[in-house]
Amino acid sequence: MLERFLEQENSIRRTLVNDRKASHLLPGWQQTDIVKSIHQALKLLSEFTNVLSGEKYATVSCIPPLLSILKDICDEAKDDANATALTREILDLARAYMHDKYEDSSVQHILQISTLLDPRYKTAFIPVEALDMVAAFVTD
């Protein structure tokens, strides 16, 4: 929706300027900048939503790789000159939310086992210190 608004912004402005009853709906430059910042952050997060919304494949094993990618995206946004402070804040909040959601040790254990059993990832996203414990659980 935001992407479509940004694509059609000039047309929307021309339409609203011609209608006196709707001219108060014209977005100011501040609102447009906010929409652009939100769009930039949500565009980066859309891949996570698509992967975790899968119905025809297991998604639990994708969580550790996605958390790693989210960390990389947040780090890149901090160095990106085009990223606004609002975009960085949205990404940091998303990262903190995902970290808090999956930080429990029992949840981490399940995620590590599922990632180990997924042939796409194997041991790539399991911390070295947890690898022996997870491998022992799987072989038992």
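**Charged pairs and a helix face**

Q: At 52% relative accessibility, does arginine 4 count as buried or exposed?
A: This is a predicted model, in which local features need pLDDT of at least 70, side-chain atom pairs count only at pLDDT 80 or more, and totals for chains, interfaces and linings use all residues. Residues are numbered from 1 along each chain as its sequence is written, and side-chain values use heavy atoms, with hydrogens and water left out. Buried means under 20% relative accessible area, exposed over 50%, and partly exposed in between (1.4 Å probe, protein chains only). With its 52%, arginine 4 therefore counts as exposed.

Q: Which residue meets the side chain of arginine 4 in a salt bridge?
A: A salt bridge is a side-chain nitrogen of Lys or Arg within 4 Å of a carboxyl oxygen of Asp or Glu. At 3.3 Å, N to O, the partner of arginine 4 is glutamate 7.

Q: Which residue is joined with Lys71 and Asp75 into one network?
A: Lysine 71 and aspartate 75 form a salt bridge, their closest N and O atoms being 3.2 Å apart. Lysine 71 is partly exposed at 39%, and aspartate 75 is also partly exposed, at 27%. Through salt bridges that share partners, the network also takes in Arg95.

Q: Within what arc do the buried residues of H5 fall?
A: These buried residues are Thr87, Leu91, Ala94 and Met98. The arc is that of the directions from the helix axis to the C-beta atoms. Seen down the axis, the buried residues of H5 line one face of the helix, because they fall within an arc of 60°.

Technical notes:
Helices (H or I, at least four residues) and strands (E, at least two) are DSSP runs, numbered from the N terminus.
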